[in-house]
Amino acid sequence: MAKQFTNLYAEIVRAGLNQRIVADMLQISTSTLSRKMNGKEQFKLDEMYKIVDEINKTRTGNKVDISFLFQLKAV
């Protein structure tokens with residue numbers, strides 16, 4: 001199944017993270033994270049900021065922002 005949040009998925013991979021790490025950080029299951037990344041459930045605002053912060057910790061150049069990561073893509 002295609003990912004709804006393609007920017008989010010790409011930046012997680014680029015940051016050297018994976019769904020298990022992100023799910024643990026958010027204190028949710030990997031299946032819940034998968035449903036959220038596929039647009040079946042909504043991310044909470046605090047979850048979105050935690051992900052942005054974690055991704056930006058790995059970046060030395062331009063930082064990503066919440067609107068870029070959580071931009072919906074048509075599937």
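**A chat about the fold and its asparagines**

Reply: Happy to! Leaving out residues up to four places away in sequence, N56 touches K63 and V64, where contact means heavy atoms within 4.5 Å.

Me: What am I looking at, and how are residues numbered?

Reply: This is a predicted model, in which local features need pLDDT of at least 70 and side-chain atom pairs count only at pLDDT 80 or more, while totals for chains, interfaces and linings use all residues. Residues are numbered from 1 along each chain as its sequence is written, and side-chain values use heavy atoms, with hydrogens and water left out.

Me: Back to N56, then. Which helix is it in, and is it buried or exposed?

Reply: N56 lies in helix α4, residues 45-57. Helices here are DSSP runs of H or I with at least four residues, strands are runs of E with at least two, and both are numbered from the N terminus. N56 is buried because its relative accessible area is 12%; buried means under 20%, exposed over 50%, and partly exposed in between, with a 1.4 Å probe and protein chains only.

Me: What does the side chain of N56 reach?

Reply: The backbone nitrogen of V64, at 2.8 Å. A polar contact is a pair of N or O atoms within 3.5 Å; within protein, one must be able to donate a hydrogen and the other to accept it, and residues adjacent in sequence count only if both atoms are side-chain atoms.

Me: And N7, where is that one?

Reply: N7 is in helix α1, which covers residues 6-14. N7 counts as buried because its relative accessible area is 12%. A polar atom of the N7 side chain lies 2.9 Å from the backbone oxygen of F68.

Me: Nice. What about N18? Where is it placed?

Reply: N18 sits in the loop between α1 and α2. It counts as partly exposed because its relative accessibility is 38%. The N18 side chain reaches the backbone nitrogen of R20 at 3.0 Å, and a polar atom of that side chain lies 2.8 Å from the backbone nitrogen of I21.

Me: Since R20 came up, which helix holds it?

Reply: R20 lies in helix α2. With a relative accessibility of 42%, R20 is partly exposed. Its C-alpha is separated by 8.8 Å from that of L33, 13 residues apart along the chain.

Me: Let's zoom out. How many helices and strands are there?

Reply: Five helices and zero strands. Read from the N terminus, the order of elements is α-α-α-α-α.

Me: How does the radius of gyration agree with a compact globule?

Reply: A compact globule with 75 residues would have a radius of gyration near 11 Å, and the protein has 11 Å, so the two agree. That radius is taken over C-alpha atoms, and the globule rule is 2.2 Å times the number of residues to the power 0.38. Along the principal axes, the C-alpha atoms fill a box of roughly 30 × 25 × 20 Å.

Me: What percentage of the residues are buried?

Reply: Buried residues make up 36% of the 75. Among contacts with a separation of 6 or more, 55% come from residues 24 or more positions apart.

Me: Now a charged side chain. Is E47 buried or exposed?

Reply: E47 is buried, with a relative accessible area of 5%. E47 lies in helix α4 and touches L26, I28, K36 and Q42, again not counting residues up to four places away in sequence. From E47 to M25, 22 residues apart in sequence, the C-alpha to C-alpha distance is 9.0 Å.

Me: Last one: what is the phi of Q27?

Reply: Q27 has a positive phi of about 60 degrees, although it is not a glycine. Most residues other than glycine have a negative phi. Q27 is in the loop between α2 and α3, and it is exposed because its relative accessible area is 72%.
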